[in-house]
Structures are given as structure tokens and as C-alpha cells.
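Here are a few exercises to work through with the structure open in your viewer. Try each task before reading its solution.

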Amino acid sequence: MLADLRESSRLINADATLLPKEKANKLAILDIMEVYTFSILVNTFGNIPYTEALNSTILFPKYDDAKTVSADLIKRLNNDIAKLDASGSGFTASEDVVYKGSVSKWAKFANTLRMKLGMVLADVDASTAKTAVESSDAGAISAASDNGLFTYLSASPNQNPLHVDIVLGGRQDYIAAKDLMDKLLGWNDPRTGSYFSTNNGGKYAGGIVGKVNTYVDFSRAGSKVIAADAPYVLADYVETEFLRAEAKERGFNVAGSAESHYNNAITASILYWGGSAAQAAAYLEQADVAYATAAGDWKQKIGTQKWIALYNRPYETWTELRRLDQPKITAPVNAKSGFPTRLTYPNTEQTLNGANYTAAASAIGGDVVTTKLFWDKN
């Protein structure tokens, strides 16, 4: 993907027929998606090839320090946001599968991304986090209509991979986990029926992770999750409002209150999954859910509800669990390690880029899943 984005940028840069604003907008959008992709890599592995990556003349790229990469990604977003100009055109509606040619919505996406990348650093570099979040707040996603969605198609071969895997592939090894199901049922969560189907007995039930669970006895992914055209969420209003709630609790200067942003996030999530405003209000009135009375400190309140709302967004959920350490989830039966705080480097790096791989593994404290990334201080 990164190679495709870089090649697209090269072609657009070389196109003398483009008007200056159009070229600048297109290049900024492509770079925003590069930043998005690199951010997943750096926050998954730690040190990664970066300055020497994507260069066909460098067969064995060195690894860059993860903290340095993270700082540069935010710097790139600063430049991209400054370059975006909604008075000029960008990609056409048919070319832009996320925002259908809207430059202004790409600016909102970029601000939310900057807010998210800034917040990842909050426990290790509060100043950088504060600047990134505060500069992004007003321009970030502010409604569900701003959501960045990659929409799959109902026809093959462009269907949602979960539909291909579970429906067309007929897999029977994906069931609801007990930790999540217990919370959904315990709080009468209106999203339950959208997240999951019932078991063969017509009831909702979650299995114990890591245990051999009989497929017919437990809930499976709901029809909305495994629909052929179910979208992939790149960034949305739900996530952005939870970030704003956290920012207020950290003392950052953003508009609104932590409670209002928390309520907005939960309401938006319930509406997205097909619930009603009345159902959202009733859910939020429960003592165990209401911000003023829910258990724990702000990390537990926000972390728990964000974990529920980010269902079907596993990377973001994992990142938030690493950042906030909430909620406390049950370790799998016969777990092979402690909670994984990173992924190990691909085998291809070990075999094809051995010297740089070895140096990178040593620099981060070992290429194992329990090595904490530099920002994971809790």
C-alpha cells in the first residue's frame, strides 16, 4: 500500500496539467494516508524502516527509532493540513472511495488522525500530545457524516473480507467472547443484536477465550458485521469524541466537557449500529454507564466504553487497551505469553534484512510480544 501511495504521488507531481491547488490537495491526501499507514506500523512493531523505506535502491533499509518516526508523522500531518485548500479540487468522486472528492472532509480526517497520534504520546510526551490535540480539536471530525469509511461492494471480488471469510468460507471458529458479552448483557446494551447473533438456542452467549467452545452454543458475528458491503472504518465521530473526552480529563484545552463528549461518543456508536436516540439515552441513564457514577477513574470509564464501541476495529481496540490499560480483560486459557503489547517483526525481515533486524530488536528490548513500545508507560 505504501509503495502504491508513493508511486501515486510521483505521478501526480509529474503531471503538468494539474492546477496548483488540485496538485497540492492530492499530494496532501496521499501523504495523509501514508502517515496513517506508517502510524499502524510504528505502533504495532516499534522501530521500523522509515527514512530508507520504499527506496528501490536500498535493499536493506535501516530501522528508525519509533519515537523519532512518531514525531515526524505528526510533523507531516501539520504540513498536510496546512496545504489542504477546500477552494481547490482534489480527487474526483469516483477516484476518492473514502470522501468522494471532499477536500474539507479529508481535512477533518487528518485532524482526527493528528489528535489520535498525539494522544498515543500523552503518557510519555504530554507537551507534544497537548499541542497536537489542541490544534486538531476544532478541525477534527464533528459528526457521523464526517466518518472516514472505506466501503466494500456487495459483489465479488470487492466484498468485505469478513463476509468472504465467515459467510462464503463457512468458518465456524469465530464466536463472541464472554468478557464483552457479559458487559453487553449486563448493561442491556442496544448494540448487542447488531454486534452478535444468538446461539442455536436463541440466546446470547459468550465463550471463554482460549477454551474449546462448541460453535452452536455461542453467539456469532451479527449480520451487520459480516455483510458483503460492510464498510471498514478508518476514523469516525465515535473515536474522535472519546479522544476529546480524554483530552478534557488530561487538562488539554478543547471545547466541551469530558462527560458531554463521552455521551456523544456512546450515542453516536449506538446510532451507527442501528439503535435509536431513546435507546442511547436509556443506556446512558444507567448508574454503571453514566459518567458521574460509572466505576473507576476516567481511564476506566472512557476505556471501557471505548472498548465496547470499537468492536470490529481490532487494531484501534488493541492500541487503546495498551494506552489506557482499561478495561481489565481475562487472559486466554493456556495463554502463550503475557498480554501482547506489540507484534514480532515479520520472518522476512529476519531472513532478508538480518543485520538491521537484529539491531532493531536489540534497540527496543527484544523482538517478543511483551516488549512495551516507548509510549506504553502504564
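A residue counts as buried under 20% relative accessible area, as exposed over 50%, and as partly exposed in between. Keep in mind that this is a predicted model.

**Exercise 1. Classify the rings of two aromatic pairs**

Task: Decide how the rings of Y99 and W106 are arranged, do likewise for F150 and Y152, and work out whether each residue is buried, partly exposed or exposed.

Solution: 
- Begin with the search of the whole structure, which finds 18 aromatic pairs. One of them joins Y99 and W106, with 5.2 Å centre to centre and 80 degrees between the planes.
- Planes over 60 degrees apart count as edge-to-face, and the pair of Y99 and W106 is of that kind.
- Next, Y99 has 5% relative accessibility, so it is buried. W106 is buried too, at 3%.
- Now take F150 and Y152: their centres are 5.2 Å apart and their planes make 75 degrees, again edge-to-face.
- F150 comes out at 33%, so it is partly exposed. Y152 has 18% relative accessibility and therefore counts as buried.

**Exercise 2. Find charges over rings**

Task: Which rings have the charged ends of R220 and K301 over them?

Solution: 
- For R220, look at Y215: the charged end sits over that ring, 4.6 Å from its centre.
- For K301, the ring is that of Y291, and the distance to the centre is 5.7 Å.
- Both cases rest on a cut-off of within 6 Å of the ring centre, along with an angle within 35 degrees of the ring normal.

**Exercise 3. Read the faces of a helix**

Task: Where do the buried residues of helix 11 fall when seen down its axis?

Solution: 
- List the buried residues of helix 11, which spans 277-285: A280, Y283 and L284.
- Viewed down the axis, these residues lie within an arc of 95 degrees, so they line one face of the helix.
- Recall the geometry: an α-helix has 3.6 residues a turn, so residues three or four places apart point the same way.
- Turn to the other side of helix 11, where A278 and E285 are exposed.
- Finally, find the partners: the buried residues of helix 11 pack against helix 10 (258-272) and helix 12 (298-309).

**Exercise 4. Judge the overall fold**

Task: How compact is the protein chain for its length?

Solution: 
- Count the secondary structure: 15 helices and 4 strands.
- The radius of gyration is 21 Å, close to the 21 Å from the globule rule for 378 residues, so the chain is as compact as a globular protein of that length.

Terms used: Residues are numbered from 1 along each chain as its sequence is written. This is a predicted model: local features need pLDDT of at least 70, side-chain atom pairs count only at pLDDT 80 or more; totals for chains, interfaces and linings use all residues. Side-chain values use heavy atoms; hydrogens and water are left out. Rings of Phe, Tyr and Trp (its six-membered ring) pair if their centres lie within 6.5 Å; planes under 30 degrees apart count as stacked, over 60 as edge-to-face and the rest as tilted. Buried means under 20% relative accessible area, exposed over 50%, partly exposed in between (1.4 Å probe, protein chains only). Helices (H or I, at least four residues) and strands (E, at least two) are DSSP runs, numbered from the N terminus. The arc is that of the directions from the helix axis to the C-beta atoms. Contact means heavy atoms within 4.5 Å. The radius of gyration is taken over C-alpha atoms; the globule rule is 2.2 Å times the number of residues to the power 0.38.
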